[in-house]
Amino acid sequence: MPPVTADLTRLLRNRPELAVAPSLEVLERLLARPDLAIPVLLDLDADCHTVSQAIQAAGGETTRDMLSATLRDPHGRLGEVLDLLAGRGLIALDGDTVRSPHHPGLWAHPFALGRPLREFEKKVTAEALKTMVKALGGQPLGRKADLVRRAEELLRDGASVRSRAAKLPSQAVALAESMASRAPVLGGEQLYYGSVSRTHPVQRLVDAGFVLRDGWEFEMPREVALALRGDGWKPALTGQPDVPARPCPEADGAGAALAAIDRIQALVELAGTEQITELKSGGVGVRELRRLAKLLGVSEQEAVLWLDIAFGADLIASELGERLVSTTLVDDWLAHSPDARWRALADVWLRLPQAATYRVVGCCEDHMEPLPPPYEFECGAGRIRRATLETLRTLIPGLGTDAAGLKDAVAWRTRAAAEAAQAADEFVAAALREGELLGIVAGGALTSLGRALLGNGEQDPDTGGVSALFPTPVTTATLQNDLTAIVSGIPAADLAIFLNGCADLESRDRASVWRFSEKTIRRALDAGTTAETLLADLARFSAKAIPQPLRYLVNDTARKHGVIKVTSTPSIVIATDPAVIAELCGAKALRKLGLRQIAPTVALAALPPDETLRLLRQGGHAPVGVASDGTIRAESIQRRRLAVDVKKHTDTDTAAAAAAILQGNGTDADGEAMALAAVTGEVIVIVWQRREHYMEDLTIAGNVVTGYCHDCDRDHTIPRAKITKAYLP
């Protein structure tokens with residue numbers, strides 16, 4: 001256990017879930033649980049796995065010198081790997097001693113080796129050991145301990161063992177090679193629970209002294225496997241495999257990052273004004289996805305990425321499992337600076353367990369069908385994504401690669417590549433593809449933004465971090481004679497809101513371009529502004545005088561705006577010019593309205609005012625709605641915001657948590673149970689207000705415990721002092 005605050009702070013930084021431990025004793029017991037350690041180990045590279053197995057093979061405690069003698073370490077990585085394991089609580093370092101807190105360990109068979117012969121002494125009969133010694137060419141004399149020592153001596157002669165193995169039948173030789181290199185135990189259903197004939201290959205190995213039977217299972221002792229592997233066999237620390245690289249100009253990624261912000265903003269605004277329908281089985285179907293992609297102006301594959309990220313960031317949420325709606329968190333996200341908005345999106349993408357642009361489970365051929373977005377599922381893609389980015393970090397700036405070049409290095413960094421072998425290559429390609437859309441990757445290399453993001457918030461001396469890579473927001477636009485507005489850089493929030501209200505965004509790169517048209521000006525007038533106010537705002541946000549074509553466009557649109565008025569009962573259409581009413585009543589495109597002229601400047605419509613306004617505008621007219629008191633009715637866009645209860649991903653104050661753990665008061669069974677439930681998500685029984693509450697999704701913040709209660713079917717927030725007992729059922 002780390003004895004000082006600095007070591008404990010580093011541990012909690014790497015494993016923030018352990019910060020809920022109420023005391024040092026509880027923390028030590030949590031660290032000793034293999035089920036909590038295995039996910040941490042799986043996120044480490046193959047060299048960490050090798051050292052972890054070597055420690056377990058040595059009985060859980062060894063020394064640095066013994067590890068150096070056990071392992072081949074051509075790149076000198078042992079010290080680095082030990083520090084990595086210690087920093088995550090997987091081992092404890094005490095001077096030269098290396099100790100694992102896990103018993104029996106994290107590996108069923110370290111290095112695919114069976115148990116040492118000495119562990120069979122009490123498991124098998126003396127006759128079985130005598131058979132083994134005799135088959136290996138020795139004299140089967142003495143007690144069981146003597147027989148074990150004699151067998152160990154005979155097995156040290158690797159050449160003799162391999163010579164005897166070569167004389168076995170071919171099927172027995174193949175089985176011996178398999179048990180020596182991959183699976184040292186054979187039994188159970190594989191052998192019909194021990195029912196084997198005298199000619200079965202495994203029985204041949206028993207008769208040859210290579211395998212011992214323990215109950216229903218047959219196991220090859222460690223000494224036999226090592227002899228068969230060859231003299232001098234040692235597991236090796238290989239380091240990351242070489243990544244074939246090519247020249248690639250380094251990009252900053254800011255343009256793609258800004259485009260990503262725009263796409264997400266467009267999506268959440270769309271979800272607030274239009275319905276994004278879900279399938280009955282959940283998620284957005286192909287037809288709805290195609291419609292959504294068209295509205296956003298992106299490919300369907302890209303639309304899935306923005307859906308997954310927006311959902312993961314809680315900017316959109318499901319309403320009754322029927323539709324996706326933007327949430328109350330959208331306005332808070334929009335109020336942040338562009339770099340903070342992008343950082344929030346990038347952090348969500350790094351945490352996603354699935355690959356947005358290759359949404360398959362990918363564990364086998366039966367699970368290669370794409371799943372509809374945006375719901376999350378575990379498939380190994382998240383770990384492969386992080387391994388891909390970490391591999392790209394090792395490339396020198398100015399060099400890039402591709403998915404094929406990353407394959408071996410990613411497989412070395414995460415076991416997820418082997419566990420999801422059917423889809424691993426596609427997951428790597430998806431990581432590169434999605435990284436490009438977010439501005440983290442460009443041309444198979446990390447961008448400056450990507451390097452700053454993966455630096456865990458540390459300031460890069462060359463870039464100054466993520467914030468420095470986003471230019472200062474621009475507060476003015478350059479208005480052009482071709483009815484466009486150009487903003488060179490990131491538009492300030494108020495400028496972007498104004499331009500979005502009266503113009504359409506055409507492009508976003510180093511500069512953003514908005515285009516004015518009669519339609520966009522009419523949209524602003526419909527929202528309640530006037531020509532005078534609009535021109536005044538244009539002058540305020542413009543870097544120079546308003547161009548004459550734009551001024552004419554505003555005035556001409558305003559002059560036509562409101563020539564036609566629509567009021568209720570069910571709809572009354574009024575025009576200042578009798579010719580306009582006659583034209584409307586005779587227009588074939590407006591037949592759905594059922595217009596009937598009742599006065600030179602008045603006509604009745606058969607549809608409600610909102611539908612009448614829509615059809616008139618669709619026909620190229622510029623009507624306005626009139627309230628019951630005769631005033632013009634401003635039409636603001638109705639945006640929905642779904643209230644969500646979000647468990648935010650907050651950074652743990654590791655230094656404060658470390659100090660609190662060190663000051664904890666000894667053992668606490670209730671605290672240990674709650675800490676374990678908070679880490680694992682297990683159901684826990686909490687006695688509060690004289691009742692037992694079966695709770696899960698527990699979170700502990702200071703002296704307050706929060707979680708969902710199955711008995712009450714709602715969340716509870718309970719002061720720690722009010723809990724009389726807590727235990728795992």
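So, F111: at 13% relative accessibility it counts as buried, and buried here means under 20% relative accessible area, with exposed over 50% and partly exposed in between, using a 1.4 Å probe and protein chains only. This is a predicted model, where local features need pLDDT of at least 70 and side-chain atom pairs count only at pLDDT 80 or more, while totals for chains, interfaces and linings use all residues. Residues are numbered from 1 along each chain as its sequence is written, and side-chain values use heavy atoms, with hydrogens and water left out.

Back to F111. You'll find F111 in the loop between β3 (97-99) and α7 (126-135). Helices and strands are DSSP runs, by the way: H or I of at least four residues for helices, E of at least two for strands, numbered from the N terminus. What does F111 touch, leaving out residues up to four places away in sequence? The list is T50, Q53, A54, A57, L71, R229, W233 and P235, with contact meaning heavy atoms within 4.5 Å. Take Q56 as well: Q56 and F111 are 55 residues apart in sequence, and their C-alpha atoms sit 9.9 Å apart.

Okay, zooming out to the chain. There are 31 helices and 28 strands in the chain. Of the contacts with a separation of 6 or more, 63% are between residues 24 or more positions apart. Buried residues are 46% of the 729. Now the overall shape: the C-alpha trace spans about 125 × 65 × 55 Å along its principal axes. The radius of gyration is 35 Å, whereas a compact globule of 729 residues would have one near 27 Å; that's over C-alpha atoms, and the globule rule is 2.2 Å times the number of residues to the power 0.38.

Strand β24 (residues 684-688) pairs antiparallel with β25 (residues 691-701) over five bridges; to count as paired, two strands need at least two DSSP bridges between them. V685 has Y694 in β25 as its bridge partner. Two residues lie between these strands in the hairpin, and Q689 takes a positive phi near 55 degrees.

Then β25 carries on to β26 (residues 704-709), again antiparallel, with five bridges. Which residue of β26 is the bridge partner of M695? That's C709. This hairpin also has two residues between its strands, and G702 in the turn has a positive phi of about 65 degrees.
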